[in-house]
Amino acid sequence: MHLCFCGSHNPGGSPSSGAGTTVPGDQISEQPTITGGNRFQLWVLGCLCNERRLAKCLKENSFYPFTRQQPNVFVLEYYLNSLWKGALLFVVCTFLACFVGKVLDQELWCLPTYGVVVGLWLMLSSMARRRLVLNHMRGTYHFSIQDRTIYQGPMHLIYVRLALSSDAYGRCFFQLVLCGHKLEPLVLVQLSEHYEQMEFLGRHIAWKLNINYFDYLTTSYRHVVRHWPPEVTCSLGTQLQGHSYKANASVSELDT
């Protein structure tokens, strides 16, 4: 990924989203929420949620979809939405195989049977509970499935991303996605045409959770980077030390 970033973490203020940005709905509440979350909340977000509904959820819980377990520690427990999709496919195809398959040809009867197998596989693979923890006290995030650790890594590997897609008529649609290394993409808003509102929500979520935010463009001044890879941080520190040495050398030459 090419880097052309502008922005920094501002714990005392609100996230800036550029000139002309429209705030969706009322002002989003800044009150923290510590109560447990709904493990099925991402199902609604991925299927029915638009930017207005997400703004309403953020008013109720400013760390949505996470809950704050303690200061600088955020927890999200969830089940993949492929669980209900697999269950629906399994029920429909089982009905077709048992009651309709008798009157179908043998070749067509194999289709609902195949659907039963696929639906059962989706259900079994999605029944495990996922748990994602952002621990800023340790500077890491931890992702586990059914209490089995899948990955634990630095905070710069998890971020909120604005994704772009288009239809056959050239209309642009935006998705707000929570992404991370070894983490299944979690869709927060599905297919919206309102770029400015989506950008505001994405910046706000990333600001409250203190993680990175990336625009849909690979190189953009709208990226907000709060966590850098260690090698980049060391490189920047070396460059700054070099500039400081050159400045001191210039001053000493002028004194001479």
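Colleague: In which sense, parallel or antiparallel, do S1 and strand S2 (residues 73-78) pair, and over how many bridges?

Modeller: The model is a predicted one, and in it S1 and S2 pair in the antiparallel sense, over three bridges. One of the residues involved is Gln-70, whose bridge partner in S2 is Val-73. These two strands belong to an open sheet of five strands, which follow one another in the order S1-S2-S3-S4-S5 with antiparallel pairing. Its edges are formed by strand S1 (67-70) and strand S5 (148-154), each of which pairs on one side only, and from one strand to the next the twist averages 20°.

Strand S3 (residues 130-135) is mostly covered, since five of its six residues are buried. S3 and S4 form a hairpin with four residues between the strands, in which Gly-139 takes a positive phi near 75°.

There is also an open sheet of four strands, in the order S8-S7-S6-S9, and its pairing is mixed. Strand S8 (183-192) and S9 stand at the edges with a single partner strand each, so one side of each is left without a neighbour in the sheet. Neighbouring strands of this sheet are turned by 20° against each other on average, when direction is ignored.

Strand S6 (residues 158-166) pairs with S7 in the antiparallel sense over nine bridges, with Leu-164 standing opposite Phe-174 in S7. The two strands form a hairpin that has five residues between them, and Gly-170 in the turn has a positive phi of about 85°. S6 also pairs with strand S9 (residues 212-214), in this case in the parallel sense and over three bridges, and Tyr-159 finds its bridge partner in Asn-212 of S9. Finally, five bridges join S7 to S8, and these strands run antiparallel; Val-177 stands opposite Val-187 in S8.

Against this sheet packs helix H5, which touches S6, S7, S8 and S9 and whose direction makes about 10° with that of S7. The length of the helix can be checked: at 1.5 Å a residue, the 15 residues of H5 (residues 195-209) should span 21 Å, and the end C-alpha atoms are 21 Å apart, which agrees. Of these 15 residues, 14 are buried, so H5 is largely enclosed by the rest of the structure. Just after the helix, Asn-210 takes a positive phi of about 60°.

Leu-176, which lies in strand S7 (residues 172-180), shows how one residue sits among these elements. With a relative accessible area of 0%, Leu-176 is under the 20% cut-off and therefore counts as buried. Leaving aside residues up to four places away in sequence, it touches a list of residues that includes Leu-54, Val-160, Leu-162, Val-187, Met-198, Leu-201 and Ile-205. The C-alpha atoms of Leu-176 and Gln-190 are separated by 7.0 Å, although these residues are 14 residues apart along the chain.

A search of the whole structure finds six aromatic pairs. In one of them, the rings of Phe-174 and Tyr-195 have centres 5.3 Å apart and planes at 55°, so this pair is tilted. It links distant parts of the chain, with Phe-174 in strand S7 and Tyr-195 in helix H5, 21 residues apart. Both residues count as buried, Phe-174 at 6% relative accessibility and Tyr-195 at 19%. Ring pairs also bring in Tyr-216, which joins Phe-174 and Tyr-195 in a cluster. As for charge and ring, the charged end of Lys-208 sits over the ring of Trp-207, 5.1 Å from its centre.

Notes. Residues numbered from 1 in each chain as written. Predicted model: local features only at pLDDT ≥ 70, side-chain atom pairs only at ≥ 80, totals over all residues. Heavy atoms only, no water. Expected span 1.5 Å × (residues − 1). Buried < 20%, exposed > 50% of the residue type's maximum accessible area, 1.4 Å probe, protein only. Pairing = 2+ DSSP bridges. Axes fitted to C-alpha atoms, helices over the stretch in contact; angles between N-to-C directions. Contact = heavy atoms within 4.5 Å. Phe/Tyr/Trp six-rings, centres within 6.5 Å; stacked < 30°, edge-to-face > 60°. Lys NZ or Arg CZ within 6 Å of the ring centre and 35° of its normal.
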